[in-house]
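Here is a short briefing to read with the structure open beside you. Take a moment to look it over, and then we can walk through a few of its elements together.

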Amino acid sequence: MVPKNGAGGNLIASMTGYARAQGSDDRRRWVWEARSVNGRNLEIRCRVPPGFDRLENPARAAVGGRVKRGNVSLTLTISSERQAKPLSINRSLLAELATLVDEVRKTTGAAPPSADGLLRVRGVIEEEDGGQDSEETLVILDKALQATLDEALKGLVVSRAAEGKALATVIDGHVEEIEALCVRATERAVAQIGTVRARFEAQLAELLGRVPALSEERFAQEVALLVGKADVREELDRLTAHIAQARTLLADARADNPVGRKFDFLCQEFNREANTLCSKSADIELTRIGIDLKGAVERMREQVQNVE
């Protein structure tokens, strides 16, 4: 089913999506994962490894530049790709330890320590080039990590757009169903006026036999009042206007114009008119149509909850 009024080319976005991007340098591999689900506002959760907290604020800003609503979770995983470095002995530390051990042994008579015992002392064995990254290296690394994050967020936007395309088709199907029910309700509403009039005339017929009898003018007024209360044309006109507005929202959705909130409000208005239609119905068939209409509106509202 292709949405009307050009909605087939819409940019409606879902709030559900997933994307993953990875990168590496000569020492590390990293992966950014971005997940999003529906939410009333934009909420961002960011999980990064210890020592990379500096990336959280830039990551949140990057998300805010890409999406407007939804619960977004970002996860950064980093693993080392460094080859095992040659081990070396800190000979100055080992010499100091030997001197201290010799003094202790002479003073206490304790047995001399074994070689492996001395090597277990922290700092005696070192990994060459095991120092921390320089400031320049960290700047380069951060740029690479942010570039990978940007790639993941682009994928998330594409994922949400693909989900939104399917979502737009489903929503348009609900709009079609609502429109068909409104057509049935309009046809049935014409018959309802005659039903109400006949029922009211039957009730008044009993009263007309009483004394004193109602005047013809009063009779006409009462009939007109009841028929007016049962007139659902105003509700049907508003439903028709809401249908047109729903299709406009589908057609006008853009990346910088998310329509989820507007669509959610429109569903409330749909439901209000459907409730009034049911309450004013004096015909069982029209009541059934009204109930079906409420069901169709609710099904559409459930889908709309996931529109950005």
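Predicted model: local features only at pLDDT ≥ 70, side-chain atom pairs only at ≥ 80, totals over all residues.

**Strand β2 and its partners**
- Strand β2 covers residues 28–37 and is mostly covered, with seven of its 10 residues buried.
- Strand β1 (residues 17–24) pairs with β2 in the antiparallel sense, over eight bridges.
- Strand β4 (residues 70–80) also runs antiparallel to β2, and 10 bridges join the two.
- Glutamate 33 in β2 is a handy residue to look at: it is the bridge partner of arginine 20, and it stands opposite threonine 75 in β4.

**Helix α8: its length**
- Helix α8 has 21 residues (284–304), which at 1.5 Å a residue should span 30 Å.
- The C-alpha atoms at its ends are 30 Å apart, in agreement with that expectation.

**Helix α8: its faces**
- The buried residues of α8 are Leu286, Ile289, Gly290, Leu293, Ala296, Val297, Met300 and Val304.
- Viewed down the axis of α8, these buried residues fall within an arc of 125°, so they line one face of the helix.

How values were computed:
Residues numbered from 1 in each chain as written. Heavy atoms only, no water. Helix = DSSP H or I, 4+ residues; strand = E, 2+ residues; numbered from the N terminus. Expected span 1.5 Å × (residues − 1). Buried < 20%, exposed > 50% of the residue type's maximum accessible area, 1.4 Å probe, protein only. Arc of directions from axis to C-beta. Pairing = 2+ DSSP bridges.
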